[in-house]
Amino acid sequence: MEAAPFVNAKAHPFRSSSPALLLGRNGDICRRSLKFKSRKFSVRAAVNDGGSVVTLLDYGAGNVRSVRNAIRFLGYDIKDVQTPEDILNANRLIFPGVGAFAAAMDVLNQTGMAEALCTYIENGRPFLGICLGLQLLFECSEENGPVKGLGLIPGVVGRFDSSSGFRVPHIGWNAVQITKDSGILDDIGGRHVYFVHSYRAMPSNANKDWISSTCNYGDNFIASIRRGNVHAVQFHPEKSGNAGLSILRRFLDSKSDVTKQPAGRKASKLAKRVIACLDVRTNDKGDLVVTKGDQYDVREHTKENEVRNLGKPVELAGQYYKDGADEISFLNITGFRDFPLGDLPMLQVLRNTSENVFVPLTVGGGIRDFTDGNGRHYSSLEVASEYFRSGADKISIGSDAVYAAEAYLKTGVKTGKSSLEQISRVYGNQAVVVSIDPRRVYVKDPNEVECKAIKVIIPGPNGEEYAWYQCTVNGGREGRPIGAYELAKAVEDLGAGEILLNCIDRDGQGTGFDIELIKLISDAVTIPVIASSGAGAVEHFSEVFTETNASAALAAGIFHRKEVPIQSVKEHLSKEAIEVRM
């Protein structure tokens with residue numbers, strides 16, 4: 001039997017007082033009120049923790065390690081929530097919500113934590129929600145729904161509209177407009193912070209008193225809320241570099257003396273991202289090293305034919321973070337051939353890197369179903385989950401996505417069983433990158449092939465005026481009967497949130513990105529596209545951003561060999577009036 005609603009909305013300043021019925025996009029009714037099991041709670045703050053303990057509500061989805069590392073980096077200890085009473089006894093509570101709205105609400109309701117969370121917030125206790133931790137405060141979400149939220153703030157969480165040309169998910173560093181005294185946001189005016197989400201809450205007359213900042217991405221959406229000690233942000237402070245750390249520091253200690261960092265060029269909109277990529281593999285001595293290929297060949301052309309060694313992965317990642325990289329991408333190019341969860345060195349690289357690098361980390365290599373030597377089957381979802389627990393924010397799928405796309409195009413059926421579908425369903429499509437490795441194949445007539453062919457600017461070796469881009473698997477060693485255009489469209493349908501677009505022909509050549517390829521793919525999909533392969537000068541970055549719709553550009557060798565510093569790339573882009581995070 002259902003109990004009465006937990007609390008009378010009119011009796012509490014933190015509970016929504018908007019109309020109880022809201023229509024979702026699909027016409028279903030989203031009801032504001034939640035039904036809780038009968039339970040009496042009282043709030044009592046913990047004592048004798050010396051002010052150094054932060055209570056963390058981690059319900060087991062996605063990368064919460066980064067939040068933990070940021071808290072510890074700032075000198076605080078962590079107490080994990082085990083019971084609803086732990087929420088009520090907290091001095092300061094951080095809720096880093098990740099994953100899907102419905103899954104999070106299911107956990108909160110089944111454990112009794114939803115009621116405790118409402119009680120804690122309604123009593124004005126110090127609270128910081130992050131990303132989904134903000135969205136859950138609203139009445140409901142349209143994500144796989146409508147699904148009821150906690151109902152503390154009036155409004156419905158809806159999906160971004162991609163029909164106007166804005167790419168969904170909203171991924172990257174954007175500017176926020178502070179609308180009122182926010183306390184914890186005092187140091188981020190004019191600076192970019194990191195967003196990654198497909199759903200957002202919109203400002204309204206009913207929730208305007210909650211809003212402390214907004215962000216523009218097609219429309220102005222709610223970037224943060226504040227009421228007294230209660231804060232929540234749509235962006236990720238733990239992934240927003242020094243700006244984000246200042247937010248966490250101010251929340252943890254409102255009296256802290258935070259030194260303001262110069263904002264440089266004032267942030268005004270979504271920035272183009274500059275990503276440092278580290279190809280990681282074991283060398284012939286058994287050491288894990290960063291290497292770089294020449295058209296995917298990572299061995300030196302010497303008598304010894306040794307693996308090209310450009311440094312240690314954790315050290316390089318840390319340096320690139322200090323140099324201003326907007327993201328770090330790890331690609332494990334030889335590990336996981338037998339059993340990915342057995343590759344402890346790579347998992348440790350992620351764990352160690354995330355301790356001091358506070359920008360997004362992506363990792364790829366071997367994300368697929370496995371059966372170990374003992375006959376134990378591990379799903380790709382389990383493999384990805386271990387990546388996330390070790391510090392990854394996004395995972396990159398290569399060969400397995402090609403096979404899934406081929407099957408989907410052949411049958412027209414989404415089975416829900418591919419690694420791409422499984423992981424995006426649980427963690428959200430913003431957590432899944434598909435890495436495409438194509439090579440250019442010239443043809444005299446576009447009708448010669450079933451895949452999309454384009455007219456090229458420079459003819460092929462035999463005067464061919466057209467080319468298609470054949471996708472490959474297994475590190476470029478095997479061609480497949482599917483083009484990059486067809487693959488990109490298919491994986492977007494299957495749940496990819498971003499595409500990493502490589503080019504075997506340009507890899508390691510330093511002659512610039514394949515503009516024709518990147519334009520073809522970035523015009524074909526509505527999700528963000530990362531341009532990769534071929535960067536050799538700062539001008540190549542401005543070219544790809546002005547000539548295509550790429551959201552980000554990735555490079556490896558020129559950064560590893562210190563031929564072009566990351567800061568030089570950003571200074572050049574800024575001079576060319578291309579928005580970047582400085």
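Mentor: Axes here are lines fitted to C-alpha atoms, for helices over the stretch in contact, and angles between N-to-C directions run from 0 to 180 degrees. The model is predicted. In these terms, helix α10 (residues 399-411) and helix α12 (residues 484-494) cross at roughly 90 degrees, and their axes come within 9 Å. Since angles of 65 to 115 degrees count as roughly perpendicular, α10 and α12 are therefore assigned to that class. On the α10 side, the contact is formed by Ala401, Val402, Ala404, Ala405, Tyr408 and Leu409. These residues meet Glu486, Leu487, Ala490, Val491, Asp493 and Leu494 of α12. By class, the contact of α10 with α12 comprises ten nonpolar and two charged residues, with no polar ones.

Helix α14 (residues 538-547) packs with helix α16 (residues 566-575) at an angle of about 50 degrees, the axes being 9 Å apart. That angle makes α14 oblique to α16. The crossing of α14 past α16 is right-handed. Val538, Glu539, Phe541, Ser542 and Phe545 of α14 meet Ser568, Val569, His572 and Leu573 of α16. Here the classes are five nonpolar, three polar and one charged.

As for the whole, the protein has 16 helices and 31 strands. Of its 582 residues, 59% are buried. Among contacts with a separation of 6 or more, 70% join residues 24 or more positions apart. The accessible surface comes to about 23700 Å², and carbon and sulfur atoms account for 46% of that surface.

Conventions: Residues numbered from 1 in each chain as written. Predicted model: local features only at pLDDT ≥ 70, side-chain atom pairs only at ≥ 80, totals over all residues. Heavy atoms only, no water. Helix = DSSP H or I, 4+ residues; strand = E, 2+ residues; numbered from the N terminus. Buried < 20%, exposed > 50% of the residue type's maximum accessible area, 1.4 Å probe, protein only. Contact = heavy atoms within 4.5 Å. Areas by Shrake-Rupley, 256 points an atom, 1.4 Å probe, with all protein chains shown as cover. Parallel < 35°, antiparallel > 145°, perpendicular 65-115°, else oblique. Left-handed = near helix turned anticlockwise from the far one by under 90°. Nonpolar A, V, L, I, M, F, W, Y, C, P; charged D, E, K, R; others polar.
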